[in-house]
Amino acid sequence: QVQLQESAPGLVKPSQTLSLTCTVSGGSITTNYYYWSWIRQPPGKGLEWIGYIDYSGSTYYSPSLKSRTSISRDTSKNQFTLQLSSVTPEDTAVYYCASGVGSSTMDYWGQGTQVTVSS
């Protein structure tokens, strides 16, 4: 059973870069056909997909966030990381990491971590 756990940065100041790491256990992030995604849910709104890094290391981002987003991985630690630059209060949300076989499948989820952007 794949398990995911997000790191917890908590509070980020406007204009700074948000950085979150997802630590994976019970499976390898290089396993064929698995995609490793970041999703967020702003307060009172629905889920918003941010992007993914796949088993080969290829990435794809939401067009609306692409200019500010970078997803990378550390295969030695079995982790993948989200960086979102130039944050504003509109980036305040619960951030989740998730994975599944295929780019649109989210079989496994982390518990989510609250990120608040405020000065």
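The following legends describe an overall view and several close-up views of a predicted model of one protein chain.

The model is predicted, so that local features need pLDDT of at least 70 and side-chain atom pairs count only at pLDDT 80 or more, while totals for chains, interfaces and linings use all residues. Residues are numbered from 1 along each chain as its sequence is written, and side-chain values use heavy atoms, with hydrogens and water left out.

**Figure 1. Overall fold of the protein chain.** The chain holds 11 strands and zero helices; helices (H or I, at least four residues) and strands (E, at least two) are DSSP runs, numbered from the N terminus. With a radius of gyration of 13 Å, close to the 14 Å that the globule rule gives for 119 residues, the chain is as compact as a globular protein of that length. The radius is taken over C-alpha atoms, and the rule is 2.2 Å times the number of residues to the power 0.38. Along the principal axes, the C-alpha atoms fill a box of roughly 40 × 30 × 25 Å. Of the 119 residues, 41% count as buried (buried means under 20% relative accessible area, exposed over 50%, partly exposed in between; 1.4 Å probe, protein chains only). Among contacts (heavy atoms within 4.5 Å) between residues at least 6 apart in sequence, 54% join residues at least 24 apart.

**Figure 2. The aromatic pair of Tyr 33 and Tyr 55.** The structure holds 10 aromatic pairs. Rings of Phe, Tyr and Trp (its six-membered ring) pair if their centres lie within 6.5 Å; planes under 30 degrees apart count as stacked, over 60 as edge-to-face and the rest as tilted. Tyr 33 and Tyr 55 form an edge-to-face pair, with 5.4 Å centre to centre and 70° between the planes. This pair links distant parts of the chain, 22 residues apart: Tyr 33 is in the loop between β3 (18–25) and β4 (34–41), and Tyr 55 in the loop between β5 (48–54) and β6 (59–61). Tyr 55 is partly exposed, at a relative accessible area of 22%. Ring pairs also link both residues with Tyr 35, Trp 49, Tyr 52 and Tyr 60 into a cluster.

**Figure 3. The aromatic pair of Tyr 96 and Trp 109.** These two rings are edge-to-face, 5.7 Å centre to centre and with 80° between the planes. Tyr 96 belongs to strand β9 (residues 93–101) and Trp 109 to strand β10 (residues 108–109), so the pair ties together parts that are 13 residues apart in sequence. Tyr 96 counts as buried at 17% relative accessibility, whereas Trp 109 counts as partly exposed at 36%.

**Figure 4. Surroundings of Ser 28.** Ser 28 is placed in the loop between β3 and β4 and is partly exposed, its relative accessible area being 29%. Leaving aside residues up to four places away in sequence, Ser 28 touches Trp 36 and Asn 78. The C-alpha atoms of Ser 28 and Tyr 55 are separated by 8.7 Å, although these residues are 27 residues apart along the chain.

Figure 5. Ser 15 has a positive phi of about 80° although it is not a glycine. Its place is in the loop between β2 (10–12) and β3, where Ser 15 is exposed with a relative accessible area of 59%. Ser 86, likewise a residue other than glycine, has a positive phi near 50°. Ser 86 lies in the loop between β8 (79–84) and β9 and counts as partly exposed at 43% relative accessibility.
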